[in-house]
Structures are given as structure tokens and as C-alpha cells.
Amino acid sequence: STARSIAVLEQLSDVHSGGQEMVIHRTAVPAPSAACLLKVGPKKEVAECKEKFASSVDPTVSQTFMLDRVFNPEGKSLPPMRGFKYSSWSPLGCDANGRCLLAALTMDNRLTIHANLNRLQWVQLVDLTEIYGERLYEASYKLSKADAPRGELGDFSEFQRRHSMQTPVRMEWSGICTTQQVKHNNECRDVGSVLLAVLFENSNIAVWQFQLPFLGKESITSCNTIESGINSPSVLSWWEYEHNNQKMSGLIVGSAFGPVKILPVNLKAVKGYFTLRQPVVLWQEMDQLPVHSIKCIPLYHPYQKCSCSLVVAARGAYVFWCLLLISKAGLNVHNSHVTGLHSLPIVSMTADKQNGTVYTCSSDGKVRQLIPIFTDVALKFEHQLIKLSEVFGSVRTHGIAVSPCGAYLAVITTEGMVNGLHPVNKNYQVQFVTLKTFEEAAAQLLESSVQNLFRQVDLTDLVRWKILKDKHIPQFLQEALDKKIESCGSTYFWRFKLFLLRILYQSMQKAPSEVMWRPSHEDSKILISDSPGMGSTEDDQEEGTSKQASKQNLCDTGKGMDIDDTADDSLPQSSDIGGREPMEEKLLEVQAQIEAVEMHLTREHMKRVLGEVYLHTWITENTSIPTRGVCDFLMSDDGCDDRTARVLIGHILKKMNKQTFPEHCSLCKEILPFTDRKQAVCSNGHIWLRCFLTYQSCQSLVYRRCLLHDSIARHPTPEDPEWIKRLLQGPCTFCDSPVF
């Protein structure tokens, strides 16, 4: 978060690039230009009250009013409150593309939710501050109808109260809760929802419930306000615990004075949702150590043989931890502090939820790694120091964050002291530190329960770097992956194999001899082809041949190949395979393996599509999916004996009853034969790209593309049935990336 925008850095594991550097795609959420004015009453009355308080003869009123930036966000003589002070990511799968939403809190207390719908631009979906202010205005600024009426807006204490009950301090997202909704025809469909808790300055907590995918104001299901009773609240976090297949939730609230407690969240509208009966105090001492950050980590207790919850909070220079365990006796709470970590207060804390490792940092450039170790009763922490000065030199740290699978640690740094002097200017940088080795990343990918390469992009980036560096796939990884494919046959391992082969192919390519963006200084010449009435000399033919060769060289150089090699390739190929260079033979071998794996993944997805067709169509029903073409394509490979495909195709053909339902070209109405999985060509030469999710021809000017540009997919249409829309929501079948 910066004064002008929120910079979003998205790490990509690019399979089409041969560079070993980390690939990062950067976008930004701009800060709003207009100041946010909280709604505390009618505009005319608010303006009169502001003028009254500003000109009050009582200095405790006039000075408090003039210096409080919540009352005066526009600033006037003071500097403007522009920029962001906090942001929070939702869980994966909340927006229309199945990705994360971003909740952003500005310096002038505007809380908004943004989505990255077209990848290049962030769109504001809703302004929660405005909606919450309208709700309070309609309720006369009372939380319940039973509350006694408060004073008038002209009373300064009431003016302060109405502002404090709308001033957000922190906001955090819960996990996704899935419920079943019964439709009119008695069918059940899964409906996902997510909760956003917003902590206000007056210690109230607003819990928003959103239906997924979140599209805007119409996706807001409810908003409930909870009174926490904590003085000077500073931080908020969700407590989520799973016990006997029942999910329990609560809200952990920390105070600037020191106390930490869990509050129950009673939501009657959410089915399958459980909470605590009463608040649980984790730390009650008012020791003036402010709670800076709270993390909740689900773990498995090896001695108690059950799941448990570890809550860690940064309090000053110490780390407060609390282990919560549900047994037959009830809720067991063990807590303590980890001391001796930093000599300065902790400025940032993050946690790897895969293994429970906690990272803390202070402003002097020191990062501590805390590893929880279970004992018979509770747990203890082993901690070690990570000196950033050994990596980046003398730096000051302002924040840290760990990647989803714990492969990288991102650190925000500025220049430290040099010869005892502070730098004149501060240049903020985001640095990345590797936390795992290649072997650890490969082992985690092989044993992953996520089974999605895109969600583990930090691990795949380490594997990508290792293969590009060594120019071969390590033997242990190749053997372990082959065993996984033989034992379970999951398409995830086939996609992992395709990823490794693509990176290996890029590592074997030669770097281009020229920089591709640099313009050529040669005089451009136009090749005039032979036409009736125009002669052709030998010089013209030689010139045309040279121009065609240079064009071929330019295209191949864009693929990362050397010009000299491509010039040789443009000559007629010799039938003697042994005459080729060894590297060229290896390239052809890897390319053949890539095509074989892609074909296997295509066949598996085709079977899935045909299964959906068989389950959701009646006899002789014409679906927009080229069912007969997909069946013929699957049966055309004589070398592949797939009994599952033959049985499925037999049932479908019996249901179709000799009807073909072919696709037709929208330009000339000719039949589009299904001869290629990537494109459809009619008899008149019109070429249409095929959707890789449904294998329909995309006969429109607008379509979607995979994040890594593997394939294209069409947009769903209103006449599409639900099962086709569900197919179109899937990720790429080759790299698991979302489709935009």
C-alpha cells in the first residue's frame, strides 16, 4: 500500500520464457481522488455543525475538531489524506474468474472491494463505507431498535460517536462457507458465501456476508454488527477451527492496551456454521503492549491425535502464542510469550500455514523464523535469525509477507545507515528471499493435496529456475513423477510432467543473437510477385528468395532460436536423421513428448466433456457441443486402447440415434468438420479457433484466453444450460491457469 495506489505484484511461472529471472506481472489499484466524508446526518445539518464546532470558544471542542482528520479528511490547510493504510486478500475463488477479491482501506477511511476482472485493470465493485453509512442513517445510528435514543448531532460527543462507529480500523476475510440451496424443481445446488469482518474505532464489528461469485452490491446477503467491548481495538483476525467435521468460527480481537480475546459470531443465516457459546479471553493483562498483528494457524497435534489451532500475536518486541484444543473436557487454552527475539518492536509478522512457521521482523533489518514444536502438554518454539544485511546490505525493514506455499519471503526495505549516517532519500523496494530448496519444492509438489499448479506458482517457479539453470530434469524428480503417474494416473501429475517438459524445451533453446525489440536499420524492400504482363528476371527471383529467408529467420528468432540454425532449417531437410546435430535431436524428442502429454490431457478432458453431455441431455437432443466430432476424434487414434472412452462413446452414440448435429460456419453456413482440437476449418477456408473447455468453435470476435496463453475459451451465453456454464468456469487443462 502506497500514497498513490496499491501495487499488486503477481508472480507467474512462465513456460514460454527461457530467462531464469522471476517473472512478475504488476498492476495497481489507484487511490480515489475525492475525499471520503462519513455520513453522520443530513448534509445541511452536518455543515452547520462543522461550522459551529470550528468557531467554538471552547478550545477542547474547536481544536479537537480542527485537528481530527476523520472530521476533516479534505485537509484544507493540512496535507491531504491520500493513499491506502491497509489491504486484505479474500480466499481464492471469490470473484467471477475464481480468483481473489481485494478489500482496501484508504487513509480517509473509505473501505472498498476491488476485483481483477480483465487482468490488466482493477475494478471497484462496491463502497462498503457508503452502504454502511446509509444503513446507520436509516436506523437513526442505533444498533438495535431497543436502544435508547441518543443526543442530537449538534452535541459534540454525539458527533464524535457517529464518526467513530463508522471509522474502520481493520478488515479481514473468513474462509469460504458452502451451503446447499434447494431450487424450485427440488434440485440442490452448492452456493458459496464468504464473510468480511470490519473492526471499527468504537470496538464494534460489522460482519458482511457475500454470495459468491461476488459481483457487486447485489451480492451482499446480510450485515450484522457485533459489540466487542474492547477498549481501543487495534487488530482483527478470524479464528477457524475444524472438529469432528464441524467448522467453528470466531473473531480474535486485539487491543492497543494489550488484551486479546475471541468473540463468538452468531450467524443464523449460514447453515453448517458453528461458533463459541461465549467470549474466550486469551490474554487479559492491561500491560500497555499494543497488539500489532494476529495470525491463526490450523495444525495437527501429534500427541493428542487431533486438530488444534495456534494463535500468534505480535505484542511490542514479543510474540504471544495461544494453543487452542477441543477435547471431551471442553476448550483447552495454553498460552505464553516468546521473548528475546528483537531489540526493537515487531513491525510485521507473517505465517506459513502449510507448516505453521512464523516470521517476524523489526525495523533494524532482522527477521526471525519461529518453528513450533509440539510437546506432551503444549508446544515450544525454535527460532533462528535471518540477517537481511548479509543478502541486501544495510537495510531497514517495513513489512514482510510469505508466499502461499512458503517458497518465498517478500520484504519491503529502504536503505539503512551508512557510516553512521541515515540516507538523504528513502527508496522503498520489494525484495524476495528464497525459503525453500529446489528439492523441498519438488517434494511438496509431488505430495500436494491441492493438485493445482497455478495455486502453487511459488513452488513451480523454484523448479523452473533449477531446470533452466541445469538444462535437465533431475533424475529423482523424473522417476518419482513417473511412479505417481503409474500408481494413480491423476491428470495433475500429467500437467506437472507437461510443465517440466516445456521448461526443459526452453532451457535447450539458444538465446537470440540480437535484441528482439531493437529495430532493424536495413532498407525495407517490397517483394512484387509474378503477375501477367510482368517479366521476372533471375535477379528478382534471387532477391525474393533472400527476403523470404530473412522473414523466416525473423519469425524463428522470436521463438528464441538462433538465426544460423533457422537458416539451416529453412533448407530442404535431409532424410538422414543421423546427420542432425545432437541438440536438434533432443529438441525434437522433447517436442514429441510434449505433444504426447498434451494429447493425453486433451483426451482426458474430452471424456469429461462427453460424460457431462451424456448425463445432462435427453435422446436426440442437439447440444451446441460437437459431440459426434469429439467421439470420432477419440476413436481415430488406433494406437490408444482406451476402454473407458469406447464404453462412453457407445452409450452416447446409442442415445444420439445416428444423428450428428454438426456445427456450421456462421459466414457461409458450411459444415465445420472436427479434425483438429485447436481450430475448425470449413470447406471455404474460414478458420475458427476452438474452445478448449467445450471444443465448440468460437465464432465471435470476443473470447477469453488462458493466463499463460496456452488456449482460448469462449464466453458463456444466456442460452447455455447450467452444465455448459459450469464447464466454461474451469481452468486451463494444460497449466491450471484461470481464463480471462
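**Entry 1. Burial and overall make-up**

I looked up burial over the whole chain first: buried residues make up 46% of its 740 residues. I take buried as under 20% relative accessible area, exposed as over 50% and partly exposed as in between, with a 1.4 Å probe and protein chains only. The model is predicted, and local features need pLDDT of at least 70, side-chain atom pairs count only at pLDDT 80 or more, while totals for chains, interfaces and linings use all residues. Residues are numbered from 1 along each chain as its sequence is written, and side-chain values use heavy atoms, with hydrogens and water left out.

I then noted 15 helices and 33 strands in the chain. Both are DSSP runs numbered from the N terminus: helices are H or I with at least four residues, strands E with at least two. For contacts (heavy atoms within 4.5 Å), I recorded that residues 24 or more positions apart account for 55% of those with a separation of 6 or more.

I looked up an open sheet of four strands, which has the order 21-22-23-24 and antiparallel pairing. Strand 21 (346-352) and strand 24 (379-387) stand at its edges with a single partner strand each, so one side of each is left without a neighbour in the sheet. The twist averages 20° from one strand to the next. Two strands pair if DSSP finds at least two bridges between them. Strand 22 (residues 357-362) and strand 23 (residues 366-374) are joined in the antiparallel sense over four bridges. In this pair I found Tyr-359 opposite Gln-369 of strand 23.

Strand 25 pairs with strand 26 (residues 408-415) in the antiparallel sense, over seven bridges. Ala-401 stands opposite Ala-410 in strand 26.

**Entry 2. Ala-407**

I followed the loop between strand 25 and strand 26, where Ala-407 has its place. Ala-407 has a relative accessible area of 0%, so it is buried. Which residues does Ala-407 touch, not counting residues up to four places away in sequence? I found Val-433, Thr-434, Leu-435, Lys-436, Asp-458, Leu-459 and Leu-462. Ala-407 and Leu-462 are 55 residues apart along the chain, and their C-alpha atoms are separated by 7.8 Å.

**Entry 3. Helices 13 and 14**

I looked up the packing of helix 13 (residues 627-635) on helix 14 (residues 643-656): the angle is about 150° and the axes are 11 Å apart. That makes helix 13 roughly antiparallel to helix 14, since angles over 145 degrees count as roughly antiparallel, under 35 as roughly parallel, 65 to 115 as roughly perpendicular and the rest as oblique. Helix 13 passes helix 14 in a left-handed crossing, a term for the near helix being turned anticlockwise from the far one by less than a right angle, with clockwise giving right-handed.

Helix 13 contributes Thr-627, Arg-628, Cys-631, Leu-634 and Met-635 to the contact, and helix 14 contributes Arg-646, Ile-649, Ile-652, Leu-653 and Met-656. By class, I noted seven nonpolar, one polar and two charged residues in this contact. Ala, Val, Leu, Ile, Met, Phe, Trp, Tyr, Cys and Pro count as nonpolar, Asp, Glu, Lys and Arg as charged, and the others, Gly among them, as polar.

In helix 13, I found Thr-627, Gly-629, Val-630, Cys-631, Phe-633 and Leu-634 buried. What covers these residues includes helix 12 (582-616) and helix 14.

**Entry 4. Backbone details in loops**

I looked up the peptide bond from Leu-212 to Pro-213, which is cis with omega near -5°. Pro-213 lies in the loop between strand 10 (204-211) and strand 11 (220-227).

Asn-109 has a positive phi of about 70° although it is not a glycine. I located Asn-109 in the loop between strand 4 (102-106) and strand 5 (111-115). Is Asn-109 buried or exposed? With a relative accessible area of 3%, Asn-109 is buried.

Ser-203, not a glycine either, has a positive phi of about 80°. Ser-203 lies in the loop between strand 9 (188-200) and strand 10, and at 9% relative accessibility Ser-203 counts as buried.

How values were computed
Axes are lines fitted to C-alpha atoms, for helices over the stretch in contact, and angles run from 0 to 180 degrees between N-to-C directions.
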